[in-house]
Amino acid sequence: MHPFTYVAPRTLDEAVAVLEQHGERARPFAGGTDVLVQLRGGRFDLDAIVDLKGVPEATTLDLNGSLRIGAAVPCYRIYEDSAVAAAFPGLIDAASLIGGIQIQSRASLGGNLCNASPSADGICPLIVHSTVAVVQGPQGERRVPVEEFCTAPGANVLGRGELLVALEVPAPDKGFGAAYQRFIPRNEMDIAVAGVASALTLGEDGATIASGRIALAAVGPTPLFAAKASAFLAGKPATPETFAEAGEIASTEATPIGDMRGTAEHRIELVKVLTRRTLAIALGRAQSNR
Amino acid sequence: MTQQETPVRKVPVACTLNGQETEFLAAPYQSLLEALREVVGLTGTKEGCNDGNCGACTVSLDGRIVDSCLVLAAEVDGKSVDTIEGMAPPHGLHPLQQAFLEEAALQCGICTPGFLVAARALLEREPHPDEHRIRLWLAGNLCRCTGYDKIVRAVQSAADKT
Ligand SMILES: Cc1cc2nc3c(=O)[nH]c(=O)nc-3n(C[C@H](O)[C@H](O)[C@H](O)COP(=O)(O)OP(=O)(O)OC[C@H]3O[C@@H](n4cnc5c(N)ncnc54)[C@H](O)[C@@H]3O)c2cc1C
Ligand code: FES
Ligand code: FES
């Protein structure tokens, strides 16, 4: 492994300055559960690693109706915060299944997003919550919807000197519910063969879907926002028939490959099943949130 | 770029290690696991995979269990680290260690320090976990020898006695 220095900035500006100076030869470092593994595997070399855990904006978890998750906040802080867990069970579904306990002590949702793996478990739940990525760089701040953040396997929209500061999750509307599920051959500690996050908001009558969002993991080059299936949900009755049809539509938006984890056909079937199931869970949560 | 062009200096690390103030020098790219074993000389923490999958390198960092292969030594400056070496009281064994012996919860033993450190963290939080909870909590620890049943039983037995 190429020797690198360890930089621990105390402010956002300092972090941006170091990243800008080194360009591709430096990377932010949150939990390190992806970047250290990739460095050791020889995927790339770095001259500097920039630890964000000393930067206040990246390490605060702030619930105030909406939820602001600092980019370096580890998963356990999200699911052990009872108020956050009660308000955002659809995010907890992901935060509590990334790796095992040791990984959850370190791994962040920000790192999960920036790493931009197609099979990342954290990204689809953020997408269905309409989360915005707050980015800081040499030119100041910009905001990017999470569904536009990943551009290819392992690639994202960040330019030279830019870093993710936080994830802003809007306050859930009355009647909103969300859920995430993945399929893996084991019970835990594995990479998703396919995953689906679903969200819906019930209308005034409590029986009709006012709006919905569906996102798919591990069935395309990046986590995918299933635009057609999402649009289909609006105005439909919240019934198993609707959920099954949404699953059929979502499966046409998936572009999976076959690999050692599963065939493309298997992944298509999984999208149908997981869409149905996550919509049903989201409905239950929506009903208890009215 | 070659190594000569980018001299990388060692960094001083001061932490509380098993309750004692400890200082050492580590390369900035060195893992906590490597620093513990090769700089500090505490070899109880084991290396299995060196990529976060096996849990053999589990230590407690500011009270949370982590894979020390995925922590940089430089990060623990000012923090508190607890390893297997700090588990037993001065005379005798920790109840979990005793239970692992009595239940024969180890064979080759390379996974054992990681399981013990992880299980201790569980029992400190939840003194009486059920079998499902124990298995889920220990999912980040792999064992190639025992088949896990005896490990789970040992944790249950230690929990029953406390
Ligand atoms: C044993 C094991 C099990 C795992 N299980 C799962 C799983 O079940 N599901 C899953 O989705 N993933 C899993 N992972 C992958 C990994 O743990 C997750 O992707 C995790 O969320 C990454 O977060 P991190 O904070 O550790 O990221 P890091 O490794 O610190 O960073 C990841 C990448 O993002 C960049 N980065 C980090 N923060 C920022 C920022 N603020 N701005 C810009 N760039 C940034 C880094 O430079 C790096 O390229 C697993 C990994 C291991 C080792
Ligand atoms: S050696 Fe660290 S998890 Fe395997
Ligand atoms: S006893 Fe050999 S790996 Fe667990």
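**Exercise 1.** In which loop of chain B does B:Leu106 lie?

*Solution.* In this predicted model, B:Leu106 is found in the loop that runs between α2 (95–102) and α3 (112–125) of chain B.

**Exercise 2.** Determine why B:Leu106 counts as partly exposed, and then state which nonpolar patch contains this residue.

*Solution.* The first step is to recall that buried means under 20% relative accessible area and exposed means over 50%, with partly exposed in between. The relative accessibility of B:Leu106 is 32%, and therefore this residue counts as partly exposed.

**Exercise 3.** Work out the strand order of the open three-stranded sheet in chain A, and identify its edge strands.

*Solution.* The order is β1-β3-β2, with parallel pairing. Each of β1 (5–7) and β2 (26–29) of chain A pairs on one side only, and these are the edge strands. From one strand to the next, the twist averages 25°. Between β1(A) and β3 (residues 48–51) of chain A there are three bridges in the parallel sense, and A:Val7 has A:Val50 in β3(A) as its bridge partner.

**Exercise 4.** Describe how β1 (residues 11–17) of chain B pairs with β2(B) and with β5(B).

*Solution.* With β2 (residues 20–26) of chain B, the pairing is antiparallel over seven bridges, and B:Cys15 stands opposite B:Thr22. These two strands form a hairpin with two residues between them, where B:Asn18 in the turn has a positive phi of about 50°. With β5 (residues 80–82) of chain B, β1(B) pairs in the parallel sense over two bridges, and B:Thr16 stands opposite B:Ser80.

Methods
Residues numbered from 1 in each chain as written. Chains lettered and ligands numbered in written order. Predicted model: local features only at pLDDT ≥ 70, side-chain atom pairs only at ≥ 80, totals over all residues. Heavy atoms only, no water. Patch = residues over 30% accessible without salt bridge, like charges linked within 9 Å, V, L, I, M, F, W, Y side chains within 5 Å. Areas by Shrake-Rupley, 256 points an atom, 1.4 Å probe, with all protein chains shown as cover. Salt bridge = Lys/Arg side-chain N within 4 Å of Asp/Glu carboxyl O. Helix = DSSP H or I, 4+ residues; strand = E, 2+ residues; numbered from the N terminus. Buried < 20%, exposed > 50% of the residue type's maximum accessible area, 1.4 Å probe, protein only. Pairing = 2+ DSSP bridges. Axes fitted to C-alpha atoms, helices over the stretch in contact; angles between N-to-C directions.
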